[in-house]
Amino acid sequence: MLNCCSNISDQIIYVPIEMVNLGPYQPRRIFDTSKLMKLAESVKRYGILQPISVRFISDGHFELAAGERRLKAAKIAGLQVIPSVVINVRDKDAAALCLLENIQRENLNIFEEAVGIERLKAIFGYKPEEICHLLGVSLEYVSERLSIAELGSGVREKLIGLEHTEEYARLISELEDEALRLKAAEEIVKFSLDTKTAARYISKLKDDPSAAITEDILKPKVKKYFKDIRIFTNTIKQAVEIMNESGIETAYDIIKKEGEYEISIRVKSE
């Protein structure tokens, strides 16, 4: 949790909506219009049930720290004032508070979240370990988001509406060249690749940047290795049975190991 939380006052004041400005580091860029309208209808009927958080700037003006959706809904609902809690935080803590509030209340899309985390690191100097503590996530989670934040706008635009946007983004972030990343995103959309097929294609792009979508990528050949092994082991089993029937005590073991099978045959000496 943020250290600045100890600076939050319990006192709620009513601030004129026109005096509340959006902060420069609000992470959300895309709002679900239908959800926002539903929230506005709720605000009309019941008012703002949870105050927004603001920072005092000057001359009676405030900067939003947390509660952008509520502020927007209040404006749509025609409210003149909005219940607010004034907090005393630094710029870096305000940016972290905005990101945390958005993650907890309403899922950001993967790119909004990634850029928000990247800003905490690049602009405000938070270390990845500190971001983990602030957001209550793992270091691996933060590292993945920082990699995704490096994806260009072209890649983001291609992926944003897909069902498995986050997984595609993680896969593409493994490519180092931006032109190659865009190529991968375009092919994923063009051929409607599922995530497994996309992973095969991106793996191929790592070795050959000119690689195209082929039938082998779309429909990889199923190895007949296991079928052949089964035929082979059946042959061994039959041979052992024949030896036992002829009076030669024989046994065998088949042990499956990583990437191989170990087969041993024991024949009892007279």
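These legends walk through a few views of one predicted protein model. Local features are described where pLDDT is at least 70, side-chain atom pairs count only at pLDDT 80 or more, and totals for chains, interfaces and linings use all residues. Residues are numbered from 1 along each chain as its sequence is written, and side-chain values use heavy atoms, leaving out hydrogens and water.

View 1. Helices (H or I, at least four residues) and strands (E, at least two) are DSSP runs, numbered from the N terminus. Of the 270 residues, 37% are buried, meaning under 20% relative accessible area with a 1.4 Å probe, protein chains only.

**View 2. Here helix H6 packs with helix H8.** H6 spans residues 139-148 and H8 spans residues 165-172; their axes (lines fitted to C-alpha atoms over the stretch in contact) lie 9 Å apart at an angle of about 75°, on a scale from 0 to 180 degrees between N-to-C directions. That makes H6 roughly perpendicular to H8, a label for angles of 65 to 115 degrees. Look for Glu144, Arg145 and Ile148 in H6, which meet Glu166, Ala169 and Arg170 in H8; contact means heavy atoms within 4.5 Å.

**View 3. The largest nonpolar core holds 25 residues.** Such a core is a set of buried Ala, Val, Leu, Ile, Met, Phe, Trp, Tyr and Cys residues joined through side-chain atoms within 4.5 Å. Phe111, Ile148, Leu151, Leu159, Ile172 and Leu205 touch the most other members. Helices H4, H7, H8, H9 and H10 each supply at least two residues of this core.

**View 4. Leu205 touches Leu175, Leu180, Lys183, Ala184 and Ala211.** This list leaves out residues up to four places away in sequence.

Methods
Parallel < 35°, antiparallel > 145°, perpendicular 65-115°, else oblique. Buried < 20%, exposed > 50% of the residue type's maximum accessible area, 1.4 Å probe, protein only.
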